[in-house]
Amino acid sequence: PLLLAIALRPSVRRYLQARLARLGASGGGDDAQLAALAALSGGGEKALARAQAAFRLLPFDKLTGADELPGGGVAGGAGDALRERAVAASLGAESSVFVSHSWHDSRQGKWAALKRWAARDTAERGTAPLLWLDAACVAPEDAGALELLPLLVSGCQRFLILAGPTYANRRAEEAARKSVCSASRTLSFVN
């Protein structure tokens, strides 16, 4: 927690971003930047190897509709079938896009926005985007994948935010829910 608090300070983030940028400018390329990020996260080469082994992408054209996306606070209806359509890929894969969203936002709203964006992106680039979407690229039983999140994000060429009404409040809602649960457990214990 202390390391995370230090890393989240703007001055530290700027310093780390500058160091990573210098690595790329000095000919180190994406691999050197990912290795540096792995080292900074405390996992080193093992974390980088785990991230590479776990890195999967979902071709946009393999999504069939809103029902497959997480929304309303629950996973999409496709579950394992969606994960089976995700393909193993290399970190830094061409056309890779990390998709950030709130599981509490509407599936239909996210699908409409994603379809519009993907149509424009495909027209501009000539190929459908490859999405890193949590519901498709991480198995629910793989809790260790969250430790790799900085590497998985960095392993994508681009970052797409599907910002619905609850996106900015994700952490506040989760903290509030945990507080209420904790308070109710305390009251149950006291009574």
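1. Gly65 is buried, with a relative accessible area of 12%. Buried here means under 20% relative accessible area, exposed means over 50%, and partly exposed is in between, using a 1.4 Å probe on protein chains only. Gly65 sits in the loop between E1 and helix H4 (80–85). From Gly65 to Trp111 is 46 residues in sequence and 6.7 Å in space, C-alpha to C-alpha.

2. A word on the basis. This is a predicted model, in which local features need pLDDT of at least 70 and side-chain atom pairs count only at pLDDT 80 or more, while totals for chains, interfaces and linings use all residues. Residues are numbered from 1 along each chain as its sequence is written, and side-chain values use heavy atoms, with hydrogens and water left out.

3. The overall inventory. The protein chain has eight helices and five strands. Both kinds of element are DSSP runs numbered from the N terminus: helices are H or I with at least four residues, strands are E with at least two. Starting at the N terminus, the order is α-α-α-β-α-β-β-α-β-α-α-β-α. Of the 191 residues in the protein chain, 32% are buried. Among contacts with a separation of 6 or more, 78% are between residues 24 or more positions apart. A contact means heavy atoms within 4.5 Å.

4. The sheet. Five strands make an open sheet, ordered E2-E1-E4-E3-E5, with mixed pairing. Its edge strands are E2 (87–88) and E5 (158–162), each pairing on one side only. Two strands count as paired if DSSP finds at least two bridges between them. Strands of a sheet pair through backbone hydrogen bonds, either parallel or antiparallel.

5. Strand E1 and its partners. E1 (residues 56–59) is joined to E4 (residues 130–132) by two bridges, and these strands run antiparallel. Leu58 stands opposite Leu131 in E4. Pro59 stands opposite Leu130, also in E4. E1 and E2 are likewise antiparallel, with two bridges joining them. There, Arg56 has Ala88 of E2 as its bridge partner.

6. Strand E3. Three bridges join E3 to E4, and this pair runs parallel. Ser96 has Leu130 in E4 as its bridge partner. How many of the residues of E3 are buried? Six of its six residues are. Both faces are covered. Ser96, Phe98 and Ser100 are buried on one side, and Val97, Val99 and His101 are buried on the other. In a regular strand the side chains alternate between the two faces of the sheet.

7. Ser95, just ahead in the numbering, deserves a look. Ser95 lies in the loop between E2 and E3. Its phi is near 70°, a positive value in a residue other than glycine. Most residues other than glycine have a negative phi. Ser95 is buried, with a relative accessible area of 8%.

8. Helix H5 against the sheet. H5 (residues 107–125) lies across E3 (96–101), E4 and E5, and runs at about 150° to E5. The axes are lines fitted to C-alpha atoms, for helices over the stretch in contact, and angles run from 0 to 180 degrees between N-to-C directions. Asp121 is part of H5. Is Asp121 buried or exposed? At 4% relative accessibility, Asp121 counts as buried. Beyond residues up to four places away in sequence, Asp121 touches Gly126, Thr127, Pro129 and Arg158.

9. Ala51 in helix H3. Ala51 lies in H3 (residues 44–54). Its relative accessible area is 0%, so Ala51 is buried. Setting aside neighbours within four places in sequence, Ala51 contacts Leu91, Leu148, Leu151 and Leu152. The C-alpha atoms of Ala51 and Pro150 are separated by 9.4 Å, with the two residues 99 residues apart along the chain.

10. The cavity. The count comes to one cavity of 30 Å³ or more. A cavity is a set of points, on a 1 Å grid over the protein atoms alone, where a 1.4 Å probe fits but cannot get out; lining residues have an atom within 4 Å of a point. Grid points are joined across faces, edges and corners, and a volume is the space filled by probe spheres set on the points. The largest cavity has a volume of about 30 Å³. Which residues line the largest cavity? They are Leu69, Pro70, His101, Lys110, Leu133 and Leu162. This lining divides into four nonpolar, one polar and one charged. Ala, Val, Leu, Ile, Met, Phe, Trp, Tyr, Cys and Pro count as nonpolar, Asp, Glu, Lys and Arg as charged, and the others, Gly among them, as polar.

Conventions: On a 1 Å grid over the protein atoms alone, a cavity is a set of points where a 1.4 Å probe fits but cannot get out, and a pocket is an open set with protein on both sides within 12 Å along at least five of seven lines; lining residues have an atom within 4 Å of a point.
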